[in-house]
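Student: I have a structure open and want to go through it with you. Can we start with the charged contacts?

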Amino acid sequence: VGVDWLCHSELPPIHYLDASNKPHKYKPDFYVPSWDMYIETKGWYRDKDKDKMARVKQCNPDKAIVVVSKDLLAEFERRPSIDTLLPFVL
């Protein structure tokens, strides 16, 4: 596809609050600058992960974040474009 991206070690943290309003820092797996989209990859997307990502999004409504599961990755490999990911933006 030829899309430039940055990995988590190159990104500043995204701040969020947990259920008790304790501050945390989250670093997504990837960021695609041309899409202005953060991408988190999850083999297992457990309830605690879903809760964390919901809190990250709640504290950062301006950020486009996509959680890529195994099924979504397979679809993206078939159709590698932002249009494949947009329906899954949190």
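Predicted model: local features only at pLDDT ≥ 70, side-chain atom pairs only at ≥ 80, totals over all residues.

Student: What is the N to O distance for aspartate 49 and lysine 42?

Tutor: The salt bridge between the side chains of aspartate 49 and lysine 42 has an N to O distance of 3.8 Å. For glutamate 40 and lysine 42, the closest N and O atoms of the salt bridge are 3.6 Å apart.

Student: Is lysine 42 buried or exposed?

Tutor: Lysine 42 counts as buried because its relative accessibility is 19%, and the cut-off for buried is under 20%. Glutamate 40 is buried too, as is lysine 42.

Student: And what about aspartate 49, buried or exposed?

Tutor: Aspartate 49 has a relative accessible area of 14%, so it is buried.

Student: How many salt bridges are there in the whole structure?

Tutor: The search of the whole structure finds 3. One of them joins aspartate 51 and arginine 55, with the closest N and O atoms 3.1 Å apart.

Student: Where do aspartate 51 and arginine 55 sit in helix α1?

Tutor: Helix α1 covers residues 47-59, and aspartate 51 and arginine 55 are 4 residues apart in it, so about one helical turn separates them. Aspartate 51 is partly exposed, at a relative accessible area of 38%. Arginine 55 also counts as partly exposed, because its relative accessibility is 22%.

Student: Changing topic: how many disulfides does a search of the whole structure find?

Tutor: The search finds 0 disulfides. As for cysteines, cysteine 7 counts as partly exposed at 23% relative accessibility, and cysteine 59 counts as partly exposed at 34%.

Student: Now the strands. In what sense do β2 and β3 pair?

Tutor: Strand β2 (residues 14-17) and strand β3 (residues 23-26) pair in the antiparallel sense, over 4 bridges. In that pairing, histidine 15 stands opposite lysine 25 of β3, and tyrosine 16 has histidine 24 of β3 as its bridge partner.

Student: What lies between β2 and β3?

Tutor: The two strands form a hairpin with 5 residues between them. Asparagine 21, in the turn, has a positive phi of about 65°.

Student: Which residues of β2 are on its covered face?

Tutor: Ile14 and Tyr16 make up the covered face of β2, while His15 and Leu17 are on the uncovered one.

Student: What is the lining like by class?

Tutor: The lining of the largest pocket has 11 nonpolar residues, 2 polar and 2 charged.

Student: Staying with α2, is aspartate 71 buried or exposed?

Tutor: Aspartate 71 lies in helix α2 and counts as exposed, because its relative accessibility is 61%, where exposed means over 50%.

Student: Last one: how far is aspartate 71 from tyrosine 26?

Tutor: Their C-alpha atoms are separated by 24 Å, and aspartate 71 and tyrosine 26 are 45 residues apart along the chain.

Definitions and conventions. Residues numbered from 1 in each chain as written. Heavy atoms only, no water. Nonpolar A, V, L, I, M, F, W, Y, C, P; charged D, E, K, R; others polar. Buried < 20%, exposed > 50% of the residue type's maximum accessible area, 1.4 Å probe, protein only. Pairing = 2+ DSSP bridges. Disulfide = S-S within 2.5 Å. Salt bridge = Lys/Arg side-chain N within 4 Å of Asp/Glu carboxyl O.
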